[in-house]
Amino acid sequence: MTSDRCRTGRSVLIADAAVDAMGTTCQPAVVVLDGDRIEATGTPQAIGSTGDAPVTRFDGHVLMPALVNAHAHLDLSGDGCWAPCSDFRAWVGRIRAMRAAMDDAQRQTAVAHGVALSLAGGTMAVGDIVAHPADAALRALVDSTLRGIAFIEAFGLGAMQQDAVDRFASRAGHRIGRLQTGFSPHAPYSCGEDVFSAAAAMAGGVCTHLAETPEEVELLTSGTGAFADMLQHDIGLPEAALPVPGAHPVDHLHVHLHRALCVHLNCIEPRHARLLAQAQATACLCPRATRYFGRDMPGPLAMLREAGVDIALGTDSLLCLDTPDRISTLDEGRLLFAADAVDPIDVLAMITTTAARAIDVEPELVDLRPGPTAGVLALPGASLEDVLRSTAAPMWAAGPF
Ligand SMILES: [Zn+2]
């Protein structure tokens with residue numbers, strides 16, 4: 001079996017099955033491509049003769065669309081996978097030290113490695129968080145085939161909020177290769193309300209880590225706890241600059257989260273899920289990162305679904321993963337499936353079409369219906385359930401285009 005990266009000419013893929021999140025299911029399956037377009041997908045009987053187009057057989061495999069990763073930190077791909085951690089404050093300290101020690105060349109190399117691992121994971125688009133200073137990371141994204149949004153990240157509390165707003169303004173409306181820029185106020189415990197409102201007012205998507213930990217909720221509601229200590233003692237923030245609106249992060253910020261991508265949401269209640277649905281926000285869950293920190297997984301999933309919030313999956317950083325050879329939301333979906341939390345087709349939507357819409361990528365690029373495609377993956381098995389039960393890495397049967 002070989003990968004077909006050809007952008008022109010007809011080609012045919014034959015496998016035991018093909019499946020997407022838009023209702024395509026066939027066993028066995030034929031996918032007919034014309035360059036980077038799908039001409040037809042169906043059973044051999046439905047497709048009929050394909051003339052003299054070259055055929056590649058994927059016996060014992062399932063064909064599926066390329067994947068979307070709605071939340072990544074590709075700049076944290078230079079240090080492999082770290083052992084699981086239950087001390088979030090210590091982990092933040094370790095990340096800060098690592099970032100401070102990196103120079104531009106190391107940042108660019110780390111992002112380039114993250115891009116390569118994403119492609120090895122069958123990924124065609126990312127919602128990548130680009131930390132300051134952004135230029136080296138953006139250089140590594142320019143030449144990649146990845147689509148999606150590069151969310152420029154900023155931290156800003158108290159008097160530092162204006163610096164964060166200026167950082168967003170300097171990048172508004174940029175394109176980086178096939179990606180566009182968006183804005184990521186890092187989290188409610190690291191950005192004041194002015195930063196969130198400025199991000200919401202700019203052209204480009206918004207992404208934030210939201211209601212990730214009980215410590216974040218305690219800080220915002222009462223000004224106490226481990227995050228209050230972290231901000232004052234580890235980071236040197238004056239007490240007067242602590243973000244203490246006296247409300248849960250979602251109650252406090254939902255007015256600035258219209259159509260935003262809200263990551264984690266481990267510590268919400270049903271009314272918060274309803275507020276996010278009203279804001280047309282998309283929830284991005286990162287099941288392996290949740291497990292990495294010893295938290296309940298699948299966490300808020302049922303509550304978000306009940307409220308009608310769109311749900312996408314992301315990987316968070318490679319540091320939290322257990323696959324040093326790839327960064328793939330397929331492995332996130334596998335964890336949800338193993339937890340018996342979601343139907344297989346719903347898992348597939350969370351890592352293809354729903355995730356694509358959340359980062360402004362055309363969802364038709366990640367289905368198997370006739371039209372443009374970002375590529376086709378082949379996974380060992382005879383059904384989507386087999387794919388979700390296995391641990392195999394995706395293989396590009398066609399593309400990435
Ligand atoms: Zn993250």
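## Close-up views of a predicted model

**View 1. Helix H15 gives the second largest pocket the largest share of its lining, three residues.** This is a predicted model, and we begin with its second largest pocket, which holds about 420 Å³ of space. The lining counts 21 residues, and those nearest the centre of the pocket are Gly205, Arg259, Ala260, Arg357 and Ala358. Helix H15 (353-358) is joined by strand S8 and helix H6 (193-201) as elements that each supply at least two residues of this lining. Sorted by class, the lining of the second largest pocket has nine nonpolar, eight polar and four charged residues.

**View 2. The largest pocket has a volume of about 870 Å³.** Look to the centre of this pocket for Arg96, Arg99, Glu153, Phe155 and His186, the closest of its 34 lining residues. Helix H2 (88-101), helix H5 and helix H8 (226-234) are the elements that give two or more residues to the lining. Among the contributors, H2 provides the largest share, six residues. The lining of the largest pocket divides into 18 nonpolar, seven polar and nine charged residues.

**View 3. Five strands form an open sheet with mixed pairing.** Reading across the sheet, the order is S6-S7-S8-S10-S9. Strand S6 (67-72) and strand S9 (175-176) are at the edges with a single partner strand each, so one side of each has no neighbour in the sheet. S6 pairs with strand S7 (residues 123-130) in the parallel sense, over four bridges. To find your place in S7, look for aspartate 128, which has alanine 72 opposite. Helix H5 (residues 161-169) packs on the sheet, where H5 touches strand S8 (147-154) and strand S10 (179-185). The direction of H5 makes about 155 degrees with that of S8.

**View 4. Helices H3 and H4 meet in a right-handed crossing.** The axes of H3 (residues 104-120) and H4 (residues 135-142) come within 8 Å and cross at roughly 35 degrees. On the H3 side, the contact is made by Asp104, Arg107, Gln108, Val111, Ala112 and Val115. H4 answers with Ala136, Ala137, Arg139, Ala140 and Leu141. Taken by class, the contact of H3 with H4 has seven nonpolar, one polar and three charged residues.

Methods:
Residues are numbered from 1 along each chain as its sequence is written. This is a predicted model: local features need pLDDT of at least 70, side-chain atom pairs count only at pLDDT 80 or more; totals for chains, interfaces and linings use all residues. Side-chain values use heavy atoms; hydrogens and water are left out. Axes are lines fitted to C-alpha atoms, for helices over the stretch in contact, and angles run from 0 to 180 degrees between N-to-C directions. A crossing is left-handed if the near helix is turned anticlockwise from the far one by less than a right angle, and right-handed if clockwise. Contact means heavy atoms within 4.5 Å. Ala, Val, Leu, Ile, Met, Phe, Trp, Tyr, Cys and Pro count as nonpolar, Asp, Glu, Lys and Arg as charged, and the others, Gly among them, as polar. Two strands pair if DSSP finds at least two bridges between them. On a 1 Å grid over the protein atoms alone, a cavity is a set of points where a 1.4 Å probe fits but cannot get out, and a pocket is an open set with protein on both sides within 12 Å along at least five of seven lines; lining residues have an atom within 4 Å of a point. Grid points are joined across faces, edges and corners, and a volume is the space filled by probe spheres set on the points.
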